[in-house]
Amino acid sequence: MSPSSTTPQATVHGSPRQGPDRELKKAVEGYWAGRVTADGLHATAAGLRRDTWRRLADAGVTEVPTGDFSLYDHVLDTTVAVGAIPARHRAAVDADPLDGYFAMARGTQDVAPLEMTKWFDTNYHYLVPELGPDTVFAANPAKPVGELREALALGHRARPVLVGPLTYLLLAKPAPGVGPGFQPLTLLDRLLPVYAELLAGLRAAGADWVQLDEPALVQDRTPAELNAAARAYRDLGALTDRPRILVATYFDRAGAALPVLAKAPVEGLGLDFTGPAAGNLDDLAAVGGLPGKRLVAGVVDGRNIWINDLEKSLATLATLLGLAGQVDVAPSCSLLHVPLDATRERDLDPQIARWLAFARQKTTEITTLARGLREGTPAIGAELAANRADLASRAASALTHDPAVRARAAATTAADARRPQAYPDRARAQQARLNLPLLPTTTIGSFPQTTELRAARAGLRAGRLDPAGYRERMAAEVREVIAYQEKAGLDVLVHGEPERNDMVQYFAEQLTGYLATRHGWVQSYGTRYVRPPVLAGDVSRPRPMTVDWFRYAQDLTDRPVKGMLTGPVTMLAWSFVRDDQPLAETARQVALALRDEVTDLEAAGAAVVQVDEPALRETLPLRAADRPGYLAWATEAFRLTTSGVRADTQVHTHMCYAEFGEIMTAIEELDADVISLEAARSHMRVAHELAAAGYPREVGPGVYDIHSPRVPSTGEAVALLREGLAAIPAERLWVNPDCGLKTRGWAETRASLDHLVEAARLVRAELAG
């Protein structure tokens, strides 16, 4: 049945890209390594798209999305589609579009990549468009049109998906060398004709509908930005040579943008009705609904992995039927943010597995709800009964409630989350203990995770390597890492984390309340996939998790070795977290478990303990009104983790690839002694933001972009350090990479760190006069 009818249908905004065994990752990395040809890469990609569309159609999805698939990033795909290629990459793109595409994503030895940051409040990273007053857009419809034709040729009804023009411009930044006063949104009138050309090309290729994603409109937008949205969709809606337009928002309420979009001359809206976006229901009623228009109702959470409450969703959908000309059922957003198939998790208790819904199970939930809406509740009576039983099983499980954990969390006081000594007193005590030079050098934590290390972990799991043999392999790696750092001249060392599979999963596997998956891969950026653990119940630490490896590493050197932990907010943000209690309560439980580890590390001799919180900014609510409450519990959780140590124990934290300017007050509230931050791709901007905010503590803005294979020269690192010194006094400036080194190879790591240490030496000499 056509989705233009008034009969409710099932659809999705997008799907996971990687394939069941991460075939896309292997193909792309094979291409980079020269093992896979361009034709081979494109054939793998086409096969994954074909399999995804067939799976969706077989499950009952009437209209499959196209264009959501990407070899690296969908925002970068949009940059290509609108012709906004940065000048420094133009020659590479002209010479070979595929290699030029990857050069924009990863950089080359001679050319820096695009900046990378988080996609709204998710852990997905997108490549930031670089625009300026001289940007000339030009339509390049090859990818969206080509993928639409693929789907149509396979017999599917298809809806192309593009990042909308408002979101594209609002996510963009001024290109290097463009003054900070430039606003990319001023290019809207220049961009809209390109979108008109893309829409015309898609219509000519057979598109009935096109979806334009505008998640930026769920954030607080100024009157000028809302006026720009109204103008954009007035102009696009007025086009005669176009498909029908569905404007989709997600991740939160549409707020003030909802009446703008409801009045726009477009044929449909996609709205999220889950979590903080549940208020869209009342807001939609307040604007008079969408009479005569299509509503794609996101009633299944597209970002978490818990089963849907089908009866609750049916009630929401029943209300929505009276508010739109047509109501279709969908997830809240693209299913890119969840793993592929929960049925592959055969190691989980079967009862617990029934609580989980990955992309394939969410698709089934959507089609079940659409069928119930079309045919009535009795038609899905068996599914509703099973769903009620599974929800009740989870609510009653002993896994979700530990009285001792809850009692400890309830007994915490404000004093537990504050260090008794002021920072200046701590700084003097720490320098007396550590005796560090000016511009001390360190790394963020991890060193390269080689094929041999991954093989050793796989061998341990498979029983080919016994625990004693595995430990010796890890110990040998720690010895090598410590020896290299001493030879390179780094001041504060790390043990390299060879035993850690992931900075969250490693700890989750040792804490109560967490469940690990075997196949729950989710894309973080490019070919980087993670397996977020499932935080299902109350959290405690049965035994020390890192102390033995810290003690082993520290015994190998006279230089300080950092104890390394992942912070409580990141442990939540990079997990699929329980949704049956407030996040603040879960964060407090995790913080207390980690506090025990920090205390044990200090007792084992750690003079420096780093508690990483890269997700602090990422998890910031999208609307300003919701942020104070979040930041209050998030910063309290960090302090609760770290405030039990002595004055002369130096507490570090680390953050990367986020917009830090919006959380400067929160960074201060963490009360860490040293913070290291991503700065290389953003040209040391964060150092100036910290200086403008009056940040009084020590800072390590990164001088080595570890998400690119290029090796920065000593001169580049010196230039970045000088830029950092223009904002941060030398006595408070550290020298370090942007992030951990696990994704890099040893050759580039050695060269880059040697340049980093040499740059610090040269700048120290400059400062000494």
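Guide: What follows is a close look at one strand and its partners. The model is a predicted one, in which local features need pLDDT of at least 70 and side-chain atom pairs count only at pLDDT 80 or more, while totals for chains, interfaces and linings use all residues. Residues are numbered from 1 along each chain as its sequence is written, and side-chain values use heavy atoms, with hydrogens and water left out.

The part in question is strand 5, residues 158-163; strands (E, at least two residues) are DSSP runs, numbered from the N terminus. Six of its six residues are buried, so strand 5 is largely enclosed by the rest of the structure, where buried means under 20% relative accessible area with a 1.4 Å probe, protein chains only. Both faces are covered, with Ala-158, Pro-160 and Leu-162 buried on one side, and Arg-159, Val-161 and Val-163 buried on the other.

Strands of a sheet pair through backbone hydrogen bonds, either parallel or antiparallel, and two strands are taken to pair here if DSSP finds at least two bridges between them. Strand 1, residues 64-66, runs parallel to strand 5 and is joined to it by three bridges, with Thr-66 standing opposite Pro-160 of strand 5. Strand 7, residues 209-213, is likewise parallel to strand 5 and joined to it by three bridges, and in strand 7 the bridge partner of Leu-162 is Leu-212.

Notes
Buried < 20%, exposed > 50% of the residue type's maximum accessible area, 1.4 Å probe, protein only. Helix = DSSP H or I, 4+ residues; strand = E, 2+ residues; numbered from the N terminus.
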